[in-house]
Amino acid sequence: MINNGKGGFSESRDGSLPFTANNGSCVAPCDFDNDGDIDLFVGSRSVPGLYGLSPNQLLLENDGQGNFRDVTDQRMKRLKKIGMVTDACWVDFDRDGDNDLILVGEWMKVSVLSNNKGIFSDGTRRAGLDETSGWWNCIYPADIDLDGDIDLIAGNLGLNSILKASPEEPVEMYLNDFDDNGSLDHVICSYQDGISYPVAALDELSGQMTGLKKKYASYSDFGGKTARDIFGSKALKRSILKKAVLFESCVFINNNDGTFETSRLPVEAQFSPVRGILADDIDRNGKTDLLLVGNDYTAKPSMGRYDASYGWCLLGGPASGLTALMPDASGFKVPGDARRILSLEINGKKHVVAAVNNGELQILEYLK
């Protein structure tokens with residue numbers, strides 16, 4: 001849509017976008033090829049009906065006239081199916097003059113796609129982010145430690161969940177047609193007392209896969225069985241395996257040498273999933289502060305609804321010095337299943353706007 005400069009929009013007759021049928025999750029604009037016009041990355045979270053498979057991501061190049069061409073296969077072919085992307089941002093993290101693409105998603109690492117003159121390669125391990133796979137919701141670039149480079153703040157599942165993840169004991173998901181009925185099954189497993197068990201109960205699994213009720217006639221028969229016991233070693237070896245090793249929402253501090261250091265956000269920020277992030281000097285003391293919103297009302301009853309957050313105001317500078325203010329102290333309160341937050345100026349005054357799923361927009365005014 002083209003803005004006429006007076007707030008009126010009309011459909012472009014000159015520019016065009018290629019046809020896509022992806023289940024889109026985000027759009028991140030950037031001049032990634034440094035030719036003076038704005039290109040697009042279009043992220044996708046899932047393949048409809050096939051949860052767990054990595055969908056195609058799209059990189060669209062602008063010809064300068066508003067016509068966009070799909071150049072994914074030419075510029076990031078090996079990364080086209082990098083994962084289940086939920087959010088993206090552009091940061092020249094290695095300071096080579098090219099904007100690099102940072103991606104997060106479900107069962108994904110905080111992934112760095114290093115830009116070398118418009119050609120992208122996976123720089124995640126080199127950036128020190130190889131042990132970061134989680135259930136990431138959002139990513140936000142900001143200079144948290146005020147050292148002149150851009151750090152990354154990322155919203156994750158949090159710690160208020162029956163699922164616990166670590167590199168030693170990851171949460172795992174096996175993808176396979178376990179019952180040979182032509183549809184893909186996914187089995188999520190979590191460690192208890194050093195052993196990984198399926199998270200789903202017998203009723204839930206047997207409703208998904210035929211034959212399990214005959215194999216396990218009662219809960220006592222099913223109890224204590226691992227995925228290997230239930231499906232067999234051969235089936236698991238043929239499965240697609242995805243892992244999550246980190247569920248905390250984090251700040252990734254840029255070391256100014258092309259690497260990042262992981263720092264967990266304060267415990268209050270881990271009470272519920274973080275879905276939206278905004279960085280600003282809220283108290284006007286020269287330091288970077290954070291506003292977070294979140295929750296997730298879509299979780300299955302067996303997992304419990306993630307609703308322990310009214311949003312958080314985190315004051316401070318370095319990630320280790322961030323201090324959480326209770327909502328009654330900060331005045332920042334966003335109830336509900338909040339998904340996004342942004343700043344907006346209304347009548348010359350600064351406001352925060354939060355989008356709540358199945359709810360009304362929340363608009364809060366800065367008092368300072």
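Two strands count as paired if DSSP finds at least two bridges between them. Keep that in mind for the close-ups below. The model shown is predicted.

**Figure 1. Strands β15 and β16 form a hairpin.** Strand β15 covers residues 185-192, and it runs antiparallel to β16. Four bridges join the two strands. Look for Ser190, which stands opposite Tyr197 in β16. Two residues lie between the strands. Asp193 sits in this turn and has a positive phi of about 55°. Most residues other than glycine have a negative phi.

**Figure 2. The side chains of strand β16 alternate between two faces.** In a regular strand, side chains alternate between the two faces of the sheet. Strand β16 spans residues 195-198.

**Figure 3. Four strands make an open sheet in the order β16-β15-β14-β17.** The pairing in this sheet is antiparallel. Which strands stand at the edges? They are β16 and β17, the latter made of residues 240-244. Each edge strand has a single partner, so one side of each has no neighbour in the sheet. Neighbouring strands are turned by 25° against each other on average, direction ignored. Strand β14 covers residues 171-176 and pairs with β17 in the antiparallel sense. Five bridges link β14 and β17.

**Figure 4. Asp180 and Asn295 both have a positive phi, although neither is a glycine.** For Asp180 the angle is about 55°. For Asn295 it is about 90°. Asp180 lies in the loop between β14 and β15. Asn295 lies in the loop between β21 (289-294) and β22 (312-315). Is each residue buried or exposed? Asp180 has 67% relative accessibility, so it counts as exposed. Asn295 has a relative accessible area of 0%, so it is buried.

**Figure 5. Lys109 and Asp130 form a salt bridge.** Their closest N and O atoms are 2.6 Å apart. Lys109 lies in the loop between β8 (100-108) and β9 (111-116). Asp130 lies in the loop between β10 (119-122) and β11 (134-135). The pair therefore ties together parts that are 21 residues apart in sequence. Lys109 is partly exposed, with a relative accessible area of 32%. Asp130 has another contact to find: a polar contact of 3.2 Å joins its side chain to that of Arg125. Arg125 is also found in the loop between β10 and β11. With a relative accessible area of 64%, Arg125 is exposed. Now locate Ile253, which is 128 residues from Arg125 in sequence. In space, the C-alpha atoms of Arg125 and Ile253 are 15 Å apart.

**Figure 6. Asp337 and Arg275 form a salt bridge between two strands.** The closest N and O atoms of this pair are 4.0 Å apart. Asp337 lies in β24, and Arg275 lies in β20 (residues 274-280). How many residues apart in sequence are the parts that this pair ties together? They are 62 residues apart. Asp337 is buried, with a relative accessible area of 2%. Arg275 has 13% relative accessibility and also counts as buried, because the cut-off for buried is under 20%. Arg275 and Asp337 belong to one network with Asp296 and Arg339, joined by salt bridges that share partners.

**Figure 7. Glu61 forms a salt bridge with Arg69.** The closest N and O atoms here are 3.2 Å apart. Is Glu61 buried or exposed? At 14% relative accessibility, Glu61 counts as buried. A search of the whole structure finds 14 salt bridges.

**Figure 8. Five residues form a nonpolar patch on the surface.** They are Leu342, Leu344, Ile346, Leu361 and Ile363. Together they have about 440 Å² of accessible area. Which strand gives the largest share of the patch? Strand β24, residues 337-346, supplies three residues. Leu361 sits in the loop between β25 (349-357) and β26 (362-365). Leu361 is exposed, at a relative accessible area of 55%.

Terms used
Residues numbered from 1 in each chain as written. Predicted model: local features only at pLDDT ≥ 70, side-chain atom pairs only at ≥ 80, totals over all residues. Heavy atoms only, no water. Buried < 20%, exposed > 50% of the residue type's maximum accessible area, 1.4 Å probe, protein only. Patch = residues over 30% accessible without salt bridge, like charges linked within 9 Å, V, L, I, M, F, W, Y side chains within 5 Å. Areas by Shrake-Rupley, 256 points an atom, 1.4 Å probe, with all protein chains shown as cover. Salt bridge = Lys/Arg side-chain N within 4 Å of Asp/Glu carboxyl O. Axes fitted to C-alpha atoms, helices over the stretch in contact; angles between N-to-C directions. Polar contact = N/O pair within 3.5 Å; in protein donor to acceptor, adjacent residues only side chain to side chain.
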